[in-house]
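Have the model open while you read.

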Amino acid sequence: MSLFFSHTSQVIMGEDGTNIGKQKLQSLRDNSNYFRMRLHEMGLNVLRQFDSPIMPVMLYNPTKIAAFSRECLKRGLAVVVVGFPAVPILMSRARFCISAGHTRTDLDRALYEIDDIADILQLRYCKSKSS
C-alpha cells in the first residue's frame with residue numbers, strides 16, 4: 001500500500017482528500033448565476049459576467065444611493081453602495097456579494113426585497129419583468 005496519492009487522485013480530490021472545495025466552488029457559481037439571472041429578469045441592470053459572485057446593480061442616479069442603502073438595511077440585506085468619486089457621477093451602483101453558503105431560500109428572500117425596493121426607487125432600466 002502506497003503512502004502517496006497518485007497525481008490522478010490529486011486532480012480529482014483536493015489536497016485534503018475530499019471534493020468539498022470543488023462542491024463549494026460549484027455552489028458559488030450556481031448561486032451567483034441564479035441571483036444574476038433573477039436580477040436581470042426583474043429589469044435591473046447588473047454589470048459583470050456570469051459566474052462572478054459580485055453583483056453590481058446599477059442605480060445611476062446619485063440621489064438613489066442613500067435611499068437604496070436605507071431600504072436594504074431596513075430589510076436586513078447587506079449591501080455596499082458605490083458613488084462618486086469611486087465611480088463616475090452617473091454610474092452609482094449597489095454591490096451584492098453572493099457566497100456558497102447562501103441557500104436558495106436566502107437568495108429568494110433577498111430577491112423579493114430587492115424587487116420591492118426596485119419598485120419604490122424606480123430602478124428598472126432594462127426590459128421590465130412584465131414585458
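1. First, a term: angles under 35 degrees count as roughly parallel, over 145 as roughly antiparallel, 65 to 115 as roughly perpendicular and the rest as oblique. The axes of α2 and α4 come within 11 Å and cross at roughly 20°, so α2 and α4 are roughly parallel to each other. Axes here are lines fitted to C-alpha atoms, for helices over the stretch in contact, with angles running from 0 to 180 degrees between N-to-C directions.

2. Housekeeping: this is a predicted model, where local features need pLDDT of at least 70, side-chain atom pairs count only at pLDDT 80 or more, and totals for chains, interfaces and linings use all residues. Residues are numbered from 1 along each chain as its sequence is written, and side-chain values use heavy atoms, leaving out hydrogens and water.

3. Which residues of α2 and α4 meet? On the α2 side they include Tyr-34, Phe-35 and Leu-39, and on the α4 side Leu-107, Leu-111 and Ile-114 (contact means heavy atoms within 4.5 Å).

4. Now Asp-115, which is found in α4, residues 104–121 (helices are DSSP runs of H or I, at least four residues, numbered from the N terminus). Asp-115 counts as buried because its relative accessibility is 18%; the cut-offs are under 20% relative accessible area for buried, over 50% for exposed and partly exposed in between, with a 1.4 Å probe and protein chains only.

5. The buried residues of α4 pack against α2, α3 (64–74) and β3 (92–97) (a strand is a DSSP run of E, at least two residues). After α4 comes Gln-122, with a positive phi near 50°.
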